[in-house]
Amino acid sequence: MPKEGTRLSHPHTYEELARKNKQYLWHPFTQMKDYVAEDPLIIARGEGIKLIDVNGKAYYDGFSSVWLNVHGHNVPELNRAIVEQLEQVAHSTLLGMANVPSILLAEQLVGIAPDGLTKVFYSDSGATAVEIALKMAFQYWQNIGVTGKRSFITMNNAYHGDTIGAVSVGAIPLYHEVYRPLLFSSYTIPYPYPYRHEGERSAVEETLASLERLLIEKADEIAALIVEPIVQGAGGMIIMPDGCLKQIADMARAYDVLLIADEVATGFGRTGKMFACEHEGVTPDIMAVAKGITGGYLPVAATLTTDRVYDAFYADYEEQKTFFHGHSYTGNPLGCAVALANLRLLKERRIVEGVAEKSRRLAKLLAPLADFDHVGEVRQKGFMVGIELVRDKQTKEPYHWDERIGVRVCRRARENGLLTRPLGNVVVLIPPLVSTEDELAEMVGILAEAIEDVTASAAVKGA
């Protein structure tokens, strides 16, 4: 690990890279007018759970490089898996043929998935995994002759990716509203949000009552319900109260509506179980996974489904019930090879069990933040943390969007050596799963200091 201030060896100066970055790159989820006005952070390499910029400054990867890093960066076993596969073949299509790593990974995924998920369809990102799930669910009903089931149920503030189908079942106005004319319509029910409701019981009751009313009236036209199980990510790290997911699953089954679980963010140990559905013993009809599948190395995603769904597509050629969907890099051997290595490390090093154990320590580290004057709530499940900042703790009045309170806290944390991104007024901490208790303590300390500094200055300014 380079010491602070150690300049890394690369052929371009920071100034040159910064200029080219501003001249040529368009960054995702970034207002470029603001971005180009500042000096950009440019990462050169990673080591352990830290990223190191081109000037040699190291930062904790406090959001796992957008929620996907598992074992840290520059992991020898994962590096080696890619190199060894590269010496065999870099890519071979799955359209009508197969490759070795994709077969072996599919076997492993079925082995660790909730019971009953038996088939694996590959893609390359969480959004495409969800897109596939939606198309599978829609065509399933068409293939079995139930042509009226054409709609979907989603949940308030849901985020399922940025492709058109995934946005159609998204429900965050800031992200999705501008595209409304392009989208198919979906029904929206509340995601239980106890902090912004009258407690857990009331929040769950509203969710279930809304779902039941909709199913009573519309079940014959609804193909599937899609849910972020246990933790709603981009909506603000909202934790679903115990028992709610199981009741949602039971209700969907009772009304013969398929259940799609979007485990893109929650899968592969992030919540303290391999998949979040396991917390309540739920097997969805279709499950989308990505992010942690390769340990954060290469873009691989998968959509898993049951024999019931698969069998609706298993027919004579002349029936034209084929699932007409595919991607150029589906089942990429390099990605599947590193995913296999990732799963081996998860098992050998008991990473998921470690998250469950260390999350209790993390909860204790986070507890003092709940007493801060402008922290409304600290939410945590495993290594998924959301800290909701409010202007007034008693009334729960939020900060105005224009105050950029979350942005300012994350900027201060970055100055002190921690990288993360806010979700509006919610500051997130999603560390790599191998983070030690000491490292967790340092990250929480940096966040706490940043929150205190920024909210105190905001209070003084607003006085």
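**View 1. Strand S5, covered on both sides.** Strand S5 (residues 151–155) is mostly covered, with five of its five residues buried. Here buried means under 20% relative accessible area, exposed means over 50%, and partly exposed is anything in between (1.4 Å probe, protein chains only). Strands (E, at least two residues) and helices (H or I, at least four) are DSSP runs, numbered from the N terminus. This is a predicted model, so local features need pLDDT of at least 70 and side-chain atom pairs count only at pLDDT 80 or more, while totals for chains, interfaces and linings use all residues. Residues are numbered from 1 along each chain as its sequence is written, and side-chain values use heavy atoms, with hydrogens and water left out. Back to the strand: Ser151, Ile153 and Met155 sit on one side of S5, Phe152 and Thr154 on the other, and all are buried.

**View 2. The neighbours of S5.** Two strands pair if DSSP finds at least two bridges between them. S5 and strand S7 (residues 222–227) run parallel, joined by three bridges. Look for isoleucine 153, whose bridge partner in S7 is leucine 225. Strand S6 (residues 187–189) also pairs with S5 in the parallel sense, over three bridges. There, methionine 155 has isoleucine 189 of S6 as its bridge partner.

**View 3. Serine 102 in helix H5.** Serine 102 belongs to helix H5 (residues 100–112). With 3% relative accessibility, serine 102 counts as buried. Leaving aside residues up to four places away in sequence, serine 102 touches Leu94, Tyr122, Gly331 and Cys336; contact means heavy atoms within 4.5 Å.

View 4. Rings of Phe, Tyr and Trp (its six-membered ring) pair if their centres lie within 6.5 Å; planes under 30 degrees apart count as stacked, over 60 as edge-to-face and the rest as tilted. By this rule the count comes to nine aromatic pairs. One of them is tilted: tyrosine 310 and tyrosine 314, 5.9 Å centre to centre with 40 degrees between the planes. Tyrosine 310 is partly exposed at a relative accessible area of 32%, and tyrosine 314 is exposed at 63%. Phenylalanine 313 and phenylalanine 323 make an edge-to-face pair, 5.7 Å centre to centre and 80 degrees between the planes. Both of these phenylalanines lie in the loop between helix H11 (307–311) and helix H12 (333–348), so their pair ties together parts that are 10 residues apart in sequence. Phenylalanine 313 is buried at 15% relative accessible area, and phenylalanine 323 is buried at 13%.

**View 5. An aromatic cluster and two lysines over rings.** Phe29, Tyr159 and Tyr175 form one aromatic cluster. A charge sits over a ring if NZ of Lys or CZ of Arg is within 6 Å of the ring centre and within 35 degrees of the ring normal. The charged end of lysine 50 does this with tyrosine 60, 4.5 Å from the ring centre. Lysine 396 lies over the face of tyrosine 195, again 4.5 Å from the ring centre.

View 6. A disulfide is a pair of cysteine sulfur atoms within 2.5 Å, and searching the whole structure turns up zero of them. For cysteine 244, the closest cysteine sulfur is that of cysteine 277, 13 Å away and so too far for a bond. Cysteine 244 counts as buried at 0% relative accessibility, and cysteine 277 counts as buried at 1%.
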